[in-house]
Amino acid sequence: MAELWDGLIWPTAWIVIKIVGIVIPVMLFVAYLTYFERKVIGAIHLRKGPNVVGPFGLLQPIADGIKLFLKETIIPASANRGVFIIAPCVTFILALVAWAVIPFDHGMVLADINVGILFLFAISSLGVYGILMAGWASNSRYAFLGALRSAAQMVSYEVSMGFIIITVLLCVGSLNLSDIVMAQKNIWFVVPLFPMAVIFFVSTLAETNRHPFDLPEAEAELVAGYNVEYSAMTFALFFLGEYANMILMAGMTSVLFLGGWLPPIDVLPFNWVPGPVWFALKIAFCLFIFIWVRATFPRYRYDQLMRLGWKVFLPISLAAVAIVAGILVAFDLTPVMG
Amino acid sequence: MGTIGTLLQALAFYMFAFVAVASAVMVISARNPVHSVLFLILAFFNSAGLFVLMGAEFLAMILVVVYVGAVAVLFMFVVMMLDINFVELRQGFLQYLPIGGLIGLVLLAELLVILGGWAFAPEATGSVAAPTPDATTNTHALGELIYTHYVYLFQSAGMVLLVAMIGAIILTHRNRAGVRRQSISKQLARRAEKTVEVRKVPTGKGI
């Protein structure tokens with residue numbers, strides 16, 4: 001019995017506790033990201049944003065959540081029932097699963113696996129299935145067009161994202177996310193790899209279907225894209241998944257380029273602040289840029305989007321891999337395998 | 001670890017293996033082609049799980065990135081867009097059964113040979129060309145093999161793929177007349193002096 005307790009039940013329970021400890025803050029972060037987005041866009045537009053429910057409108061996300069929860073879930077008669085219901089679940093689960101490998105502080109990570117960055121990349125490349133399945137199963141033209149656009153867009157931008165990740169990995173010499181952060185102890189990668197950081201950030205905008213690349217939803221032409229047939233809880237799952245994905249991409253940018261949990265300079269007032277706080281601040285900074293971009297830029301035309309992905313970003317990132325590798329070899333800077 | 005650890009590992013193995021085989025069967029028996037592709041993805045996923053159990057985490061992730069993230073998306077695209085008549089496809093089933101069964105038998109025989117060799121002479125795995133070093137992670141070991149020992153083979157494989165890619169582009173690309181293309185460099189090179197002209201238009205005359 002003691003062996004069963006020590007070997008099975010307690011470790012399982014501990015992992016479940018850790019999972020809950022990650023998922024609940026992420027969900028809260030998602031809820032208040034919608035509030036943050038509306039407030040920031042309100043400020044940029046010289047409006048007030050939500051200010052009715054609770055002080056400063058702080059309870060607005062909760063009111064929205066309850067509204068979505070209490071409404072009726074409608075499944076269209078001509079929809080492919082099984083796939084229609086699985087699609088939002090896939091989007092939502094994938095957005096949460098990726099958090100398993102994100103390091104919040106030194107050693108503060110659920111699964112410290114050797115191939116962490118590949119795991120993240122794999123999970124983010126799976127995100128396209130939720131959208132494709134939703135678009136197909138809805139059996140509606142608008143939804144299907146939105147899904148096709150979104151799938152093509154995500155696949156295109158993944159290629160250059162992969163190459164940019166390789167340039168970072170060349171400077172680290174490990175695929176472990178904690179190693180990637182620790183390699184930035186002296187200088188964040190955003191400084192030596194600045195162009196790559198910018199391209200990576202723009203690619204994450206396209207990968208999460210955010211403005212100015214939000215063609216899948218393009219409300220003016222496609223009503224709302226792949227999720228037009230979804231209502232209530234199924235819609236809420238898409239929405240949560242999408243925003244959790246945004247936070248995840250912001251987290252990925254912070255880990256790869258902004259030094260994860262590391263303080264900007266390692267001196268007294270800064271290294272008193274605990275690592276997770278720095279990490280959260282960096283994520284919030286990236287998300288602010290996400291929203292700022294949304295309020296500033298007009299939507300891309302679809303052929304221009306494809307051109308940017310394949311004819312601009314792909315050659316630049318491919319060249320960057322060769323250049324970074326060349327510099328590292330020429331000046332004998334290749335990281336020591338460890 | 002201990003007995004419970006091995007038990008859990010065995011449970012995980014049987015779960016992944018069972019779901020992989022079951023979804024592979026569903027791939028060929030599902031009525032709807034899109035469902036077939038979805039089951040194929042499930043099969044890939046469970047094979048990745050099996051790779052993780054074997055300690056080959058790099059291969060597992062690459063399997064997901066390449067097959068699930070890229071190849072299956074293209075399958076999905078094609079299958080969703082095509083108007084496939086599956087009753088018609090099914091008519092050829094008996095016709096192709098012998099050759100399909102033959103290929104299956106050959107694969108089974110080869111697997112049996114490998115398994116048999118492993119069972120009769122377990123020490124044979126030690127004499128392979130490049131045994132896996134103990135201390136390195138399998139990402140390092142694979143990199144060592146592909147980019148150091150077999151770099152020429154790797155390069156020529158890349159060339160073959162490049163030729164195939166160029167061939168596919170040449171076969172499908174056609175320059176249609178009457179399509180208005182956007183040339184960004186031309187647009188950026190335009191200057192206001194060359195394109196816009198300010199004229200004084202007398203009232204009631206026009207240009």
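Domain 1 and domain 2 of chain B bury about 350 Å² between them, and carbon and sulfur atoms give 58% of that area; buried area is the accessible area (1.4 Å probe) that two parts lose on being put together, summed over both. By class, the side of domain 1 of chain B that touches domain 2 of chain B has 4 nonpolar, 1 polar and 1 charged residues (Ala, Val, Leu, Ile, Met, Phe, Trp, Tyr, Cys and Pro count as nonpolar, Asp, Glu, Lys and Arg as charged, and the others, Gly among them, as polar). The count of salt bridges between the two domains is 0, a salt bridge being a side-chain nitrogen of Lys or Arg within 4 Å of a carboxyl oxygen of Asp or Glu.

This is a predicted model, in which local features need pLDDT of at least 70, side-chain atom pairs count only at pLDDT 80 or more, and totals for chains, interfaces and linings use all residues. Residues are numbered from 1 along each chain as its sequence is written, chains are lettered from A and ligands numbered from 1 in the order in which they are written, and side-chain values use heavy atoms, with hydrogens and water left out.

Between the chains, the contact (heavy atoms within 4.5 Å) takes 32 residues from chain A and 28 residues from chain B. Chain A and chain B bury about 2500 Å² between them, 77% of it on carbon and sulfur atoms. Here too the count of salt bridges is 0.
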